[in-house]
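Hello,

Here is the structure for your files. My notes on the pocket and the ligand follow it.

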Amino acid sequence: MTEQSPVTQAAAAKITLPDAQDVTEVRHYTDRLFSFRTTRPPSLRFRSGEFVMIGLMGDPDPKTGKRKPLMRAYSIASPSWDDELEFYSIKVSDGPLTSRLQHIRPGDQIILRPKPVGTLVHDALLPGKRLWLFATGTGFAPFASLLRDPETYENFEQVIVTHTCRDVAELTYSQETIEKIRSDELFAELIGEEGLAKLTYYPTTTREESPKMGRITELVKSGEVFRDLGLPEGMSPGTDRAMVCGSMGLNLDLKEILEDYGLREGANSEPAEYVVEKAFVG
Ligand code: A2P
């Protein structure tokens, strides 16, 4: 808005929350999943794969009448170069935040604390040849960021992203994100044709018939994923790097599998061969 532009009643009436950002787009995929985009604070710098705290104002306290912000950790699903921010969320009908967040519309405001943190970042991994990104459910969000970051393709010869969901419709967000990357000319220019060929998407479902069924943990343990992708069976600390984001069960099971292959867990302060983060739930 310029200084000369008249202040409309609607604009004047809008309550500006502390750390408020405007919602610019909302997309619903299933009755359990949706994504939304917001404006980005000009000062917010983050590394692809990190998360921030976002939320809404809670209901007034019955005793004091005061409203407190209701905040949860959300991975940023957009890459660090994007002008806007994107988030991918579950809807939990009795979840304190998501029961309300699922109703946001363009023009609404959310609270965003601009302090990004997280371990699913390139800095926490040692250089390697092949990057595995293992996601279940909304755990795909940080990978939607990393997969749209040119650094991912500069650092690795091959990038394999697996996404396991209950049913086919729950794969829509990852499918569309991958399709957009593959068809985006600007992106092709950024990472080159060869780079695009580097990207392998491996979606699986566990509760509905689809071309590839099964939990990714079972598909790795049985060697099926390596056979499907024409790779030598197993992983090696010399070549393979992994990032894991999903439910607690997935994280623990994959940790064990990766450790059995000799990969060690890395951190920002001490990079190694794999990193893990729990996907937001509730
Ligand atoms: P399953 O259907 O066998 O439970 P959710 O929607 O509950 O977050 O789950 C997302 C996906 O993650 C589902 O396909 C689910 O499979 C799968 N999953 C849950 N726990 C694990 C685990 N410990 N290892 C691998 N996949 C898992």
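The largest pocket is lined by 24 residues, and those nearest its centre are Thr136, Gly137, Thr164, Arg166 and Ser247. A pocket here is an open set of points on a 1 Å grid over the protein atoms alone, where a 1.4 Å probe fits, with protein on both sides within 12 Å along at least five of seven lines; lining residues have an atom within 4 Å of a point.

This is a predicted model: local features need pLDDT of at least 70, side-chain atom pairs count only at pLDDT 80 or more, and totals for chains, interfaces and linings use all residues. Residues are numbered from 1 along each chain as its sequence is written, and side-chain values use heavy atoms, with hydrogens and water left out.

The pocket

The space in the largest pocket comes to about 560 Å³, a volume being what is filled by probe spheres set on the grid points, which are joined across faces, edges and corners. At least two lining residues each come from β8 (158-165), α7 (216-221) and α9 (248-260), and α9 gives the most, with three. Helices (H or I, at least four residues) and strands (E, at least two) are DSSP runs, numbered from the N terminus. By type, the lining has eight nonpolar, ten polar and six charged residues. Ala, Val, Leu, Ile, Met, Phe, Trp, Tyr, Cys and Pro count as nonpolar, Asp, Glu, Lys and Arg as charged, and the others, Gly among them, as polar.

The ligand

The ligand sits in the largest pocket (more than half of its atoms lie within 2 Å of the grid points). Around the ligand are 13 residues, the closest being Arg32, Arg166, Thr206, Arg207 and Arg215; a residue counts if one of its heavy atoms lies within 4 Å. This shell divides into two nonpolar, six polar and five charged residues. Again α9 gives the most, with three residues.

For polar contacts (N or O pairs within 3.5 Å), a ligand nitrogen is 3.2 Å from a polar backbone atom of Leu250, and a ligand nitrogen is 3.3 Å from one of Gly249. The protein buries 82% of the 560 Å² that the ligand exposes when taken alone (Shrake-Rupley method, 1.4 Å probe).

Regards

How values were computed: Polar contact = N/O pair within 3.5 Å; in protein donor to acceptor, adjacent residues only side chain to side chain.
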